[in-house]
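My entries follow, in the order I looked things up.

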Amino acid sequence: MTHGGSLTFVVTAWIKFPLEAAGHAAFGAAPGSITTLHEDDYFHNRRLAALGDTRHLDIP
């Protein structure tokens with residue numbers, strides 16, 4: 001759980017984005033949303049699998 005500003009630093013650190021370039025990135029997400037980070041088991045590549053997913057908040 002994090003706030004939008006912190007989310008940018010979490011995502012950029014996860015994908016190993018250079019810290020000096022992190023100020024040029026912005027990852028925002030809606031309140032209560034889920035962001036999914038994934039690491040490949042074989043090559044250990046990291047990716048942002050889902051950003052700000054709110055499907056779990058939909059009321060049927």
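Entry one, the strands. I found strand 1 (residues 34–39) and strand 2 (residues 46–53) paired antiparallel through five bridges. Pairing requires at least two DSSP bridges between two strands. Strands are DSSP runs of E, at least two residues, and helices are runs of H or I, at least four, numbered from the N terminus. I picked out T36 and found its bridge partner in strand 2, A50.

A note on the source. The model is predicted, so I kept its limits in mind: local features need pLDDT of at least 70, side-chain atom pairs count only at pLDDT 80 or more, and totals for chains, interfaces and linings use all residues. Residues are numbered from 1 along each chain as its sequence is written, and side-chain values use heavy atoms, leaving out hydrogens and water.

Entry two, the rings. I found one aromatic pair in the structure. The ring centres of Y42 and F43 are 4.6 Å apart and the planes stand at 90°, so this is an edge-to-face pair. Y42 is exposed at 65% relative accessible area, and F43 is exposed at 59%. (Buried is under 20%, exposed over 50%, partly exposed in between, with a 1.4 Å probe and protein chains only.)

I also looked at W14. The charged end of R46 sits over the W14 ring, 4.0 Å from its centre. (This needs NZ of Lys or CZ of Arg within 6 Å of the ring centre and within 35 degrees of the ring normal.)

T12 lies in helix 1 (residues 4–14). Is T12 buried or exposed? T12 counts as buried, at 4% relative accessibility. Beyond its neighbours within four places in sequence, T12 contacts F17, A22, A25 and F27. (Contact means heavy atoms within 4.5 Å.)

The buried residues of helix 1 are L7, T8, V11, T12 and W14. They fall within an arc of 160° seen down the axis, so they line one face of helix 1. (The arc is taken from the directions from the helix axis to the C-beta atoms.) On the face turned away I found the exposed residues F9 and A13. Strand 1 and strand 2 are among what covers the buried residues of helix 1.

Methods:
Phe/Tyr/Trp six-rings, centres within 6.5 Å; stacked < 30°, edge-to-face > 60°.
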